[in-house]
Number of protein chains: 2
Amino acid sequence: MTSALASDLSARSPETRFERQLAKILEHATAVFCEKGYENATMRDLSRASGLSLAGLYYYFESKEKLLYLIQKHYFTTVMGQLSERLKDVSDPEERVRTFIQNHLEYFVAHFKAYKVLSHEDDVLQDELGDEIFALKREYYHSCAGLVEALKREKGLKFNSRIAIMGLFGSINWLHTWYNPQVDGDAPSLARQIGDVFLRGIYATSART
Amino acid sequence: MTSALASDLSARSPETRFERQLAKILEHATAVFCEKGYENATMRDLSRASGLSLAGLYYYFESKEKLLYLIQKHYFTTVMGQLSERLKDVSDPEERVRTFIQNHLEYFVAHFKAYKVLSHEDDVLQDELGDEIFALKREYYHSCAGLVEALKREKGLKFNSRIAIMGLFGSINWLHTWYNPQVDGDAPSLARQIGDVFLRGIYATSART
(Lines give C-alpha, C1' and ligand atoms only; values in the text may rest on other atoms or scores of the structure.)
Protein backbone atom coordinates (compact mmCIF):
# COMPACT_ATOMS: atom_id res chain seq x y z
CA MET A 1 0.00 0.00 0.00
CA THR A 2 2.84 2.43 -0.71
CA SER A 3 2.64 5.14 -3.30
CA ALA A 4 4.42 4.36 -6.55
CA LEU A 5 4.26 7.90 -7.89
CA ALA A 6 7.92 8.03 -8.87
CA SER A 7 7.72 4.90 -11.00
CA ASP A 8 4.32 5.96 -12.43
CA LEU A 9 5.69 9.29 -13.53
CA SER A 10 8.94 7.94 -14.86
CA ALA A 11 7.10 5.30 -16.88
CA ARG A 12 5.01 7.96 -18.54
CA SER A 13 7.51 10.67 -19.25
CA PRO A 14 11.13 11.11 -20.37
CA GLU A 15 13.49 10.56 -17.46
CA THR A 16 15.15 13.87 -16.84
CA ARG A 17 16.76 14.62 -13.50
CA PHE A 18 14.17 17.39 -12.98
CA GLU A 19 11.24 15.02 -13.51
CA ARG A 20 12.67 12.34 -11.24
CA GLN A 21 13.16 14.92 -8.51
CA LEU A 22 9.62 16.25 -9.04
CA ALA A 23 8.11 12.78 -8.76
CA LYS A 24 10.08 12.10 -5.59
CA ILE A 25 8.90 15.36 -4.00
CA LEU A 26 5.25 14.65 -4.87
CA GLU A 27 5.53 11.21 -3.31
CA HIS A 28 6.96 12.61 -0.08
CA ALA A 29 4.43 15.46 -0.05
CA THR A 30 1.58 12.96 -0.41
CA ALA A 31 2.85 11.12 2.68
CA VAL A 32 3.16 14.38 4.66
CA PHE A 33 -0.34 15.60 3.66
CA CYS A 34 -1.75 12.19 4.52
CA GLU A 35 -0.15 12.16 7.97
CA LYS A 36 -0.51 15.79 9.08
CA GLY A 37 -3.37 16.99 6.91
CA TYR A 38 -2.89 19.62 4.24
CA GLU A 39 -3.69 22.61 6.47
CA ASN A 40 -1.24 21.56 9.18
CA ALA A 41 1.63 20.66 6.85
CA THR A 42 4.23 23.39 6.38
CA MET A 43 6.73 23.89 3.56
CA ARG A 44 9.32 23.11 6.26
CA ASP A 45 7.71 19.68 6.88
CA LEU A 46 7.72 19.07 3.14
CA SER A 47 11.34 20.10 2.82
CA ARG A 48 12.34 17.81 5.71
CA ALA A 49 10.43 14.81 4.29
CA SER A 50 11.84 15.19 0.80
CA GLY A 51 15.40 15.84 1.99
CA LEU A 52 15.53 19.14 0.08
CA SER A 53 16.41 22.57 1.43
CA LEU A 54 13.52 25.03 1.63
CA ALA A 55 15.11 26.96 -1.23
CA GLY A 56 15.43 23.74 -3.22
CA LEU A 57 11.76 22.95 -2.63
CA TYR A 58 10.67 26.43 -3.77
CA TYR A 59 12.74 25.88 -6.92
CA TYR A 60 10.29 23.12 -7.88
CA PHE A 61 7.07 24.49 -6.34
CA GLU A 62 6.05 28.02 -5.61
CA SER A 63 3.49 27.01 -2.98
CA LYS A 64 1.80 24.26 -1.00
CA GLU A 65 -1.33 24.76 -3.17
CA LYS A 66 0.68 23.92 -6.27
CA LEU A 67 1.94 20.72 -4.67
CA LEU A 68 -1.58 19.61 -3.75
CA TYR A 69 -2.76 20.51 -7.24
CA LEU A 70 -0.01 18.42 -8.86
CA ILE A 71 -0.76 15.48 -6.58
CA GLN A 72 -4.49 15.58 -7.36
CA LYS A 73 -3.89 16.07 -11.06
CA HIS A 74 -1.43 13.21 -11.22
CA TYR A 75 -3.65 10.66 -9.47
CA PHE A 76 -6.87 11.55 -11.29
CA THR A 77 -5.10 11.54 -14.65
CA THR A 78 -3.39 8.23 -13.95
CA VAL A 79 -6.46 6.38 -12.69
CA MET A 80 -8.39 7.58 -15.77
CA GLY A 81 -5.58 6.55 -18.12
CA GLN A 82 -5.44 3.11 -16.54
CA LEU A 83 -9.25 2.79 -16.84
CA SER A 84 -9.18 3.64 -20.57
CA GLU A 85 -6.50 1.02 -21.15
CA ARG A 86 -8.50 -1.66 -19.35
CA LEU A 87 -11.79 -0.82 -21.04
CA LYS A 88 -10.24 -1.38 -24.49
CA ASP A 89 -10.51 -5.14 -23.94
CA VAL A 90 -13.99 -5.23 -22.39
CA SER A 91 -17.19 -4.99 -24.40
CA ASP A 92 -19.92 -6.41 -22.15
CA PRO A 93 -21.76 -3.47 -20.45
CA GLU A 94 -21.89 -5.14 -17.03
CA GLU A 95 -18.23 -6.08 -17.20
CA ARG A 96 -17.39 -2.49 -18.14
CA VAL A 97 -19.08 -1.19 -14.97
CA ARG A 98 -17.27 -3.87 -12.95
CA THR A 99 -14.00 -2.82 -14.61
CA PHE A 100 -14.57 0.75 -13.45
CA ILE A 101 -15.16 -0.34 -9.84
CA GLN A 102 -12.20 -2.72 -9.83
CA ASN A 103 -9.86 -0.21 -11.45
CA HIS A 104 -10.84 2.47 -8.92
CA LEU A 105 -10.37 0.17 -5.92
CA GLU A 106 -7.14 -1.44 -7.15
CA TYR A 107 -5.60 1.90 -7.96
CA PHE A 108 -6.52 3.59 -4.71
CA VAL A 109 -5.73 0.61 -2.49
CA ALA A 110 -2.28 0.56 -4.16
CA HIS A 111 -1.97 4.32 -3.57
CA PHE A 112 -3.75 4.49 -0.24
CA LYS A 113 -2.04 7.62 1.06
CA ALA A 114 -2.89 9.52 -2.09
CA TYR A 115 -6.46 8.23 -1.89
CA LYS A 116 -6.79 9.64 1.65
CA VAL A 117 -5.33 12.98 0.58
CA LEU A 118 -7.62 13.18 -2.48
CA SER A 119 -10.68 12.36 -0.37
CA HIS A 120 -9.84 14.54 2.60
CA GLU A 121 -8.55 17.59 0.73
CA ASP A 122 -11.32 17.28 -1.82
CA ASP A 123 -12.42 20.93 -1.78
CA VAL A 124 -9.32 22.81 -0.61
CA LEU A 125 -8.09 24.22 -3.91
CA GLN A 126 -9.64 27.45 -5.18
CA ASP A 127 -9.55 29.52 -8.37
CA GLU A 128 -7.87 28.18 -11.51
CA LEU A 129 -6.15 25.25 -9.82
CA GLY A 130 -9.40 24.25 -8.14
CA ASP A 131 -11.32 24.62 -11.42
CA GLU A 132 -8.88 22.37 -13.23
CA ILE A 133 -9.14 19.62 -10.61
CA PHE A 134 -12.93 20.00 -10.56
CA ALA A 135 -12.96 19.46 -14.33
CA LEU A 136 -10.88 16.29 -13.96
CA LYS A 137 -13.27 14.98 -11.32
CA ARG A 138 -16.24 15.74 -13.56
CA GLU A 139 -14.53 13.82 -16.35
CA TYR A 140 -13.97 10.87 -14.03
CA TYR A 141 -17.60 11.01 -12.87
CA HIS A 142 -18.79 11.07 -16.48
CA SER A 143 -16.60 8.13 -17.44
CA CYS A 144 -18.43 6.11 -14.77
CA ALA A 145 -21.84 7.60 -15.64
CA GLY A 146 -21.37 6.67 -19.32
CA LEU A 147 -20.74 3.04 -18.40
CA VAL A 148 -23.77 2.88 -16.08
CA GLU A 149 -26.01 4.57 -18.69
CA ALA A 150 -24.92 2.05 -21.33
CA LEU A 151 -25.81 -0.83 -19.00
CA LYS A 152 -29.13 0.82 -18.10
CA ARG A 153 -30.07 1.10 -21.80
CA GLU A 154 -28.99 -2.44 -22.63
CA LYS A 155 -30.98 -4.01 -19.79
CA GLY A 156 -33.95 -1.60 -19.93
CA LEU A 157 -33.47 -0.54 -16.30
CA LYS A 158 -35.30 2.28 -14.56
CA PHE A 159 -33.62 4.23 -11.79
CA ASN A 160 -32.34 7.71 -11.03
CA SER A 161 -28.84 7.55 -12.55
CA ARG A 162 -27.37 10.44 -10.59
CA ILE A 163 -28.45 9.10 -7.20
CA ALA A 164 -27.35 5.54 -8.05
CA ILE A 165 -23.95 6.65 -9.39
CA MET A 166 -23.30 9.04 -6.49
CA GLY A 167 -24.29 6.22 -4.13
CA LEU A 168 -21.73 3.99 -5.84
CA PHE A 169 -19.04 6.68 -5.61
CA GLY A 170 -19.90 7.02 -1.93
CA SER A 171 -19.34 3.29 -1.40
CA ILE A 172 -15.97 3.28 -3.14
CA ASN A 173 -14.74 6.62 -1.76
CA TRP A 174 -15.68 6.16 1.88
CA LEU A 175 -13.36 3.15 1.96
CA HIS A 176 -10.41 5.15 3.24
CA THR A 177 -12.12 5.46 6.63
CA TRP A 178 -12.48 1.72 7.24
CA TYR A 179 -10.67 -0.54 4.77
CA ASN A 180 -8.32 -3.08 6.31
CA PRO A 181 -6.84 -5.57 3.80
CA GLN A 182 -6.38 -8.24 6.52
CA VAL A 183 -10.09 -8.13 7.39
CA ASP A 184 -11.72 -7.07 4.14
CA GLY A 185 -9.68 -8.92 1.52
CA ASP A 186 -7.90 -7.51 -1.52
CA ALA A 187 -9.20 -4.93 -3.96
CA PRO A 188 -10.55 -7.38 -6.62
CA SER A 189 -12.57 -9.26 -3.99
CA LEU A 190 -13.87 -5.99 -2.52
CA ALA A 191 -14.73 -4.73 -6.02
CA ARG A 192 -16.68 -7.91 -6.75
CA GLN A 193 -18.75 -7.60 -3.55
CA ILE A 194 -19.46 -3.88 -3.88
CA GLY A 195 -20.24 -4.46 -7.57
CA ASP A 196 -22.61 -7.33 -6.67
CA VAL A 197 -24.75 -5.20 -4.34
CA PHE A 198 -24.78 -2.24 -6.73
CA LEU A 199 -25.54 -4.25 -9.90
CA ARG A 200 -28.16 -6.52 -8.33
CA GLY A 201 -29.65 -3.41 -6.75
CA ILE A 202 -30.11 -1.64 -10.09
CA TYR A 203 -31.07 -4.86 -11.96
CA ALA A 204 -34.08 -5.29 -9.67
CA THR A 205 -35.45 -2.08 -11.24
CA SER A 206 -35.53 -3.72 -14.68
CA ALA A 207 -38.55 -2.65 -16.73
CA ARG A 208 -38.62 -6.03 -18.49
CA THR A 209 -39.11 -8.22 -15.44
CA MET B 1 -31.19 23.36 5.75
CA THR B 2 -30.20 25.46 8.79
CA SER B 3 -28.99 23.96 12.00
CA ALA B 4 -31.58 23.80 14.75
CA LEU B 5 -29.09 23.04 17.48
CA ALA B 6 -30.44 25.68 19.86
CA SER B 7 -33.99 24.37 19.74
CA ASP B 8 -32.74 20.74 19.87
CA LEU B 9 -30.77 21.40 23.01
CA SER B 10 -33.42 23.49 24.69
CA ALA B 11 -36.04 20.81 24.00
CA ARG B 12 -33.89 18.20 25.69
CA SER B 13 -32.60 20.01 28.74
CA PRO B 14 -33.68 22.54 31.36
CA GLU B 15 -33.56 26.06 29.95
CA THR B 16 -30.91 27.86 31.91
CA ARG B 17 -29.28 30.97 30.52
CA PHE B 18 -25.95 29.11 30.46
CA GLU B 19 -27.39 26.28 28.35
CA ARG B 20 -29.12 28.60 25.90
CA GLN B 21 -25.86 30.49 25.44
CA LEU B 22 -23.95 27.22 24.99
CA ALA B 23 -26.37 26.00 22.34
CA LYS B 24 -26.13 29.30 20.48
CA ILE B 25 -22.33 29.19 20.47
CA LEU B 26 -22.29 25.60 19.20
CA GLU B 27 -24.63 26.57 16.39
CA HIS B 28 -22.43 29.49 15.33
CA ALA B 29 -19.27 27.40 15.68
CA THR B 30 -20.76 24.72 13.43
CA ALA B 31 -21.37 27.36 10.75
CA VAL B 32 -17.81 28.72 11.08
CA PHE B 33 -16.20 25.25 10.95
CA CYS B 34 -18.36 24.42 7.93
CA GLU B 35 -17.34 27.56 6.08
CA LYS B 36 -13.66 27.92 6.96
CA GLY B 37 -12.76 24.36 7.95
CA TYR B 38 -11.79 23.44 11.49
CA GLU B 39 -8.04 23.99 11.03
CA ASN B 40 -8.49 27.45 9.56
CA ALA B 41 -11.05 28.69 12.06
CA THR B 42 -9.66 30.73 14.94
CA MET B 43 -11.14 31.42 18.38
CA ARG B 44 -11.38 35.01 17.11
CA ASP B 45 -13.61 33.88 14.17
CA LEU B 46 -15.74 31.94 16.62
CA SER B 47 -16.02 34.92 18.96
CA ARG B 48 -17.02 37.21 16.07
CA ALA B 49 -19.66 34.78 14.75
CA SER B 50 -21.25 34.18 18.13
CA GLY B 51 -21.17 37.86 19.14
CA LEU B 52 -19.22 37.04 22.30
CA SER B 53 -15.95 38.56 23.46
CA LEU B 54 -12.93 36.24 23.32
CA ALA B 55 -12.96 36.17 27.13
CA GLY B 56 -16.67 35.34 27.08
CA LEU B 57 -16.05 32.50 24.65
CA TYR B 58 -13.26 31.05 26.80
CA TYR B 59 -15.66 31.17 29.74
CA TYR B 60 -17.75 28.53 27.95
CA PHE B 61 -15.02 26.58 26.13
CA GLU B 62 -11.39 26.18 27.00
CA SER B 63 -10.40 25.32 23.42
CA LYS B 64 -11.41 24.85 19.80
CA GLU B 65 -11.05 21.07 20.29
CA LYS B 66 -13.66 21.15 23.03
CA LEU B 67 -16.06 22.99 20.74
CA LEU B 68 -15.63 20.44 17.95
CA TYR B 69 -16.03 17.64 20.49
CA LEU B 70 -19.30 19.11 21.80
CA ILE B 71 -20.63 19.58 18.27
CA GLN B 72 -19.81 16.00 17.27
CA LYS B 73 -21.16 14.60 20.52
CA HIS B 74 -24.39 16.58 20.22
CA TYR B 75 -25.18 15.51 16.66
CA PHE B 76 -24.29 11.83 17.06
CA THR B 77 -26.25 11.61 20.30
CA THR B 78 -29.27 13.35 18.83
CA VAL B 79 -29.43 11.34 15.59
CA MET B 80 -29.19 8.14 17.65
CA GLY B 81 -31.87 9.30 20.08
CA GLN B 82 -34.19 10.16 17.20
CA LEU B 83 -33.52 6.75 15.61
CA SER B 84 -34.42 4.89 18.84
CA GLU B 85 -37.68 6.82 19.07
CA ARG B 86 -38.61 5.99 15.48
CA LEU B 87 -37.70 2.32 15.76
CA LYS B 88 -40.12 1.84 18.67
CA ASP B 89 -43.03 1.82 16.22
CA VAL B 90 -41.44 -0.35 13.51
CA SER B 91 -41.20 -4.13 13.73
CA ASP B 92 -40.67 -5.34 10.14
CA PRO B 93 -36.92 -5.97 9.63
CA GLU B 94 -36.82 -4.35 6.17
CA GLU B 95 -38.73 -1.31 7.40
CA ARG B 96 -36.31 -1.01 10.30
CA VAL B 97 -33.34 -0.79 7.91
CA ARG B 98 -35.27 1.74 5.83
CA THR B 99 -36.02 3.70 9.00
CA PHE B 100 -32.29 3.89 9.74
CA ILE B 101 -31.51 5.23 6.26
CA GLN B 102 -34.37 7.72 6.29
CA ASN B 103 -33.60 8.95 9.80
CA HIS B 104 -29.92 9.47 8.88
CA LEU B 105 -30.73 11.36 5.70
CA GLU B 106 -33.55 13.46 7.17
CA TYR B 107 -31.47 14.43 10.16
CA PHE B 108 -28.36 15.37 8.23
CA VAL B 109 -30.17 17.12 5.40
CA ALA B 110 -31.92 19.22 8.10
CA HIS B 111 -28.52 19.88 9.74
CA PHE B 112 -26.43 20.07 6.60
CA LYS B 113 -23.67 22.28 8.01
CA ALA B 114 -23.18 19.95 10.95
CA TYR B 115 -23.17 16.99 8.58
CA LYS B 116 -20.34 18.57 6.55
CA VAL B 117 -18.37 19.34 9.71
CA LEU B 118 -18.87 15.79 11.06
CA SER B 119 -17.79 14.25 7.75
CA HIS B 120 -14.89 16.55 7.06
CA GLU B 121 -13.45 16.75 10.57
CA ASP B 122 -14.04 13.04 11.10
CA ASP B 123 -10.60 12.20 12.47
CA VAL B 124 -9.35 15.50 13.91
CA LEU B 125 -9.91 14.87 17.63
CA GLN B 126 -7.25 12.96 19.55
CA ASP B 127 -6.86 11.42 23.01
CA GLU B 128 -9.86 11.22 25.39
CA LEU B 129 -12.14 13.50 23.36
CA GLY B 130 -11.35 11.57 20.18
CA ASP B 131 -11.89 8.23 21.96
CA GLU B 132 -15.28 9.33 23.22
CA ILE B 133 -16.44 10.42 19.75
CA PHE B 134 -15.03 7.21 18.25
CA ALA B 135 -17.10 5.22 20.76
CA LEU B 136 -20.25 7.13 19.74
CA LYS B 137 -19.55 6.41 16.08
CA ARG B 138 -19.04 2.73 16.84
CA GLU B 139 -22.36 2.71 18.67
CA TYR B 140 -24.04 4.31 15.66
CA TYR B 141 -22.41 1.82 13.28
CA HIS B 142 -23.57 -1.07 15.49
CA SER B 143 -27.13 0.26 15.62
CA CYS B 144 -27.18 0.02 11.81
CA ALA B 145 -25.33 -3.32 11.75
CA GLY B 146 -27.84 -4.83 14.19
CA LEU B 147 -30.73 -3.90 11.90
CA VAL B 148 -29.00 -5.30 8.80
CA GLU B 149 -28.06 -8.53 10.63
CA ALA B 150 -31.67 -9.01 11.76
CA LEU B 151 -32.88 -8.63 8.16
CA LYS B 152 -30.14 -10.97 6.92
CA ARG B 153 -31.23 -13.68 9.37
CA GLU B 154 -34.93 -13.26 8.63
CA LYS B 155 -34.48 -13.53 4.86
CA GLY B 156 -31.64 -16.08 4.92
CA LEU B 157 -29.31 -13.80 2.99
CA LYS B 158 -25.62 -14.39 2.34
CA PHE B 159 -23.24 -11.50 2.05
CA ASN B 160 -20.28 -9.94 3.85
CA SER B 161 -22.06 -7.71 6.39
CA ARG B 162 -19.15 -5.38 7.09
CA ILE B 163 -18.53 -4.58 3.42
CA ALA B 164 -22.25 -4.14 2.69
CA ILE B 165 -22.84 -1.91 5.73
CA MET B 166 -19.73 0.18 5.09
CA GLY B 167 -20.84 0.50 1.47
CA LEU B 168 -24.22 1.77 2.68
CA PHE B 169 -22.56 4.24 5.08
CA GLY B 170 -20.46 5.42 2.15
CA SER B 171 -23.57 6.09 0.08
CA ILE B 172 -25.27 8.08 2.83
CA ASN B 173 -22.16 9.91 4.06
CA TRP B 174 -20.72 10.98 0.71
CA LEU B 175 -23.91 12.94 0.11
CA HIS B 176 -22.49 16.17 1.46
CA THR B 177 -20.26 16.44 -1.61
CA TRP B 178 -23.11 16.39 -4.16
CA TYR B 179 -26.61 16.62 -2.70
CA ASN B 180 -28.77 19.36 -4.13
CA PRO B 181 -32.41 19.28 -2.94
CA GLN B 182 -33.64 21.02 -6.13
CA VAL B 183 -32.14 18.29 -8.32
CA ASP B 184 -32.17 15.25 -6.07
CA GLY B 185 -35.46 15.60 -4.20
CA ASP B 186 -36.09 15.59 -0.47
CA ALA B 187 -34.58 13.27 2.12
CA PRO B 188 -37.43 10.70 2.24
CA SER B 189 -37.32 10.28 -1.56
CA LEU B 190 -33.53 9.98 -1.52
CA ALA B 191 -33.72 7.48 1.34
CA ARG B 192 -36.20 5.36 -0.59
CA GLN B 193 -33.98 5.25 -3.69
CA ILE B 194 -30.74 4.55 -1.84
CA GLY B 195 -32.61 1.97 0.25
CA ASP B 196 -34.02 0.33 -2.92
CA VAL B 197 -30.59 -0.24 -4.48
CA PHE B 198 -29.08 -1.44 -1.20
CA LEU B 199 -31.95 -3.77 -0.22
CA ARG B 200 -32.48 -5.24 -3.68
CA GLY B 201 -28.72 -5.64 -3.89
CA ILE B 202 -28.51 -7.73 -0.73
CA TYR B 203 -31.80 -9.58 -1.41
CA ALA B 204 -30.34 -10.97 -4.61
CA THR B 205 -27.87 -12.89 -2.43
CA SER B 206 -30.73 -14.80 -0.76
CA ALA B 207 -29.86 -18.42 -0.04
CA ARG B 208 -33.49 -19.42 -0.52
CA THR B 209 -33.92 -18.33 -4.12
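**Close-up 1. Confidence along chain A of the predicted model, from helix α1(A) to helix α6(A).** Within chain A, confidence is lowest in helix α1 (residues 5–12), where the mean pLDDT is 49, and highest in helix α6 (residues 93–110), where the mean is 96. Over residues 6–11 of chain A the pLDDT stays under 50, and for this stretch the model has nine contacts beyond four places in sequence. Chain A as a whole averages a pLDDT of 88, with 91% of the residues scoring at least 70. For the complex, the predictor gives an ipTM of 0.84 and a pTM of 0.87.

**Close-up 2. The rotation that relates chain B to chain A.** Chain B is superposed on chain A by a rotation of 180° with 0.0 Å of shift along its axis, and the RMSD of this superposition is 0.0 Å. The two copies are thus related as by a two-fold rotation axis. The same surface serves both copies, since 100% of the contact residues of chain B recur in chain A. Of the residues of chain B, B:G201 comes closest to the rotation axis, its C-alpha lying at 1.9 Å.

**Close-up 3. The side of chain B that touches chain A.** The contact takes 27 residues from chain B and 27 residues from chain A. On the side of chain B that touches chain A, the elements that give two or more residues are α9 (161–173) and α11 of chain B. The largest share of this side, nine residues, comes from α9(B).

**Close-up 4. The crossing of helix α11(A) with helix α11(B).** The axes of helix α11 (residues 187–203) of chain A and helix α11 (residues 187–203) of chain B come within 7 Å and cross at roughly 105°. Because angles of 65 to 115 degrees count as roughly perpendicular, α11(A) and α11(B) are described as roughly perpendicular to each other. From α11(A), the residues A:V197, A:F198, A:R200, A:G201 and A:I202 meet B:V197, B:F198, B:R200, B:G201 and B:I202 in α11(B).

**Close-up 5. Helix α5 of chain B and its buried residues.** Helix α5 (residues 64–87) of chain B has 24 residues and reaches 35 Å from its first C-alpha to its last, a span close to the 34 Å expected at 1.5 Å a residue. Buried in α5(B) are B:L67, B:L68, B:I71, B:Q72, B:H74, B:Y75, B:V79 and B:L83. An α-helix has 3.6 residues a turn, so residues three or four places apart point the same way.

Definitions and conventions:
Residues numbered from 1 in each chain as written. Chains lettered and ligands numbered in written order. Predicted model: local features only at pLDDT ≥ 70, side-chain atom pairs only at ≥ 80, totals over all residues. Helix = DSSP H or I, 4+ residues; strand = E, 2+ residues; numbered from the N terminus. Expected span 1.5 Å × (residues − 1). Buried ≥ 20, exposed ≤ 12 C-beta atoms within 10 Å, placed from the backbone. Least-squares fit on C-alpha atoms with pLDDT ≥ 70 in both. Contact = placed C-beta atoms within 7 Å. pLDDT = per-residue confidence, 0-100. Axes fitted to C-alpha atoms, helices over the stretch in contact; angles between N-to-C directions. Parallel < 35°, antiparallel > 145°, perpendicular 65-115°, else oblique.
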